[in-house]
Amino acid sequence: MLKVDLHCHSNVSDGVLAPAAVAAYARKSGVDVWALTDHDEVGGIKAARNAARDLGMRFVAGVEISVTWANETVHIVGLQIDEDNRALVDGLAATRNGREARAREISAQLEQAGISGAYEGALNYVGNPDLISRTHFARYLVEIGVCGSTPEVFRRYLTEGKPGYVPHRWASLEDAVGWIRGAGGIPVIAHPGRYKFSDTAQGVLFDEFRQLGGNAIEVVTGSHTPDQYGTYAELARRYGFLASRGTDFHAPGESRIEFAELPPLPAGLTPVWHDWA
């Protein structure tokens, strides 16, 4: 069985390792087909592609686009994209705008909660200053001992109703799907089990996504629990979606599941890679 991982991050967005190092880490763990899907950024793809080629690993150019839908943040992964497509590149640049102002407001809220120097501390973890994110703040809070792990940070801070939560208006679902399709790619709803939608709202999201030209969801992902693998396998069958798979890797030991531990897709699904040459 091919070991396929189609959701990973490097330090070009909010990961820790450089693109080539992520490629090496994935290959060492037995990955055969690998995608780099940095948040709202395609700047790491060339280095990732070259590293994957040198390692004998099939590379898939990808991206993960931040979307605001129903006042919540949803992530749409694009696979098999042309990273030089002008509409995609310009759309991602527009989506990245505003991250610095948001980061400074996060820092100000944490200051009010008694945590000083958070903006400067988060910057120490940023590979690309245009993409400073909550994950960088979480790593700083672990560093200074406020929390013992990044999951604990997101239970106590940086989420709605907690200190440091600052919403941001991202791309629209229509724009994200359009940019991906315009770049020759396949739109995929990332980790659908992570969103706090009711069953009705989730159904509306799936219907709208499908009407816009989206045709895949992640089923097996590091952001899902084992119980959710079955839930989203059934939803993929019901909606006729292709199924994707990926760790959502950010750093060794930080993600819920490592490359070597990710289970295969459940039976009866059509993988998103089923017709790739």
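Student: Which residue stands opposite I217 in β6?
Tutor: I189 does. This is a predicted model, where local features need pLDDT of at least 70, side-chain atom pairs count only at pLDDT 80 or more, and totals for chains, interfaces and linings use all residues. Residues are numbered from 1 along each chain as its sequence is written, and side-chain values use heavy atoms, leaving out hydrogens and water.

Student: How do β5 and β6 pair?
Tutor: Two strands pair if DSSP finds at least two bridges between them. Here β5 (residues 186–189) and β6 (residues 216–221) have two bridges, in the parallel sense. Strands (E, at least two residues) and helices (H or I, at least four) are DSSP runs, numbered from the N terminus.

Student: What is the strand order in the sheet?
Tutor: The sheet is open, with seven strands running β1-β2-β3-β4-β5-β6-β7 and mixed pairing.

Student: Which residues have a positive phi without being glycine?
Tutor: Most residues other than glycine have a negative phi. Here L158 has a positive phi of about 70°, and D248 one of about 60°. L158 sits in the loop between α7 (150–156) and α8 (173–182), while D248 is in the segment after β7.

Student: Are those two buried or exposed?
Tutor: Buried means under 20% relative accessible area, exposed over 50%, and partly exposed in between (1.4 Å probe, protein chains only). L158 is buried at 0%, and D248 is buried at 7%.
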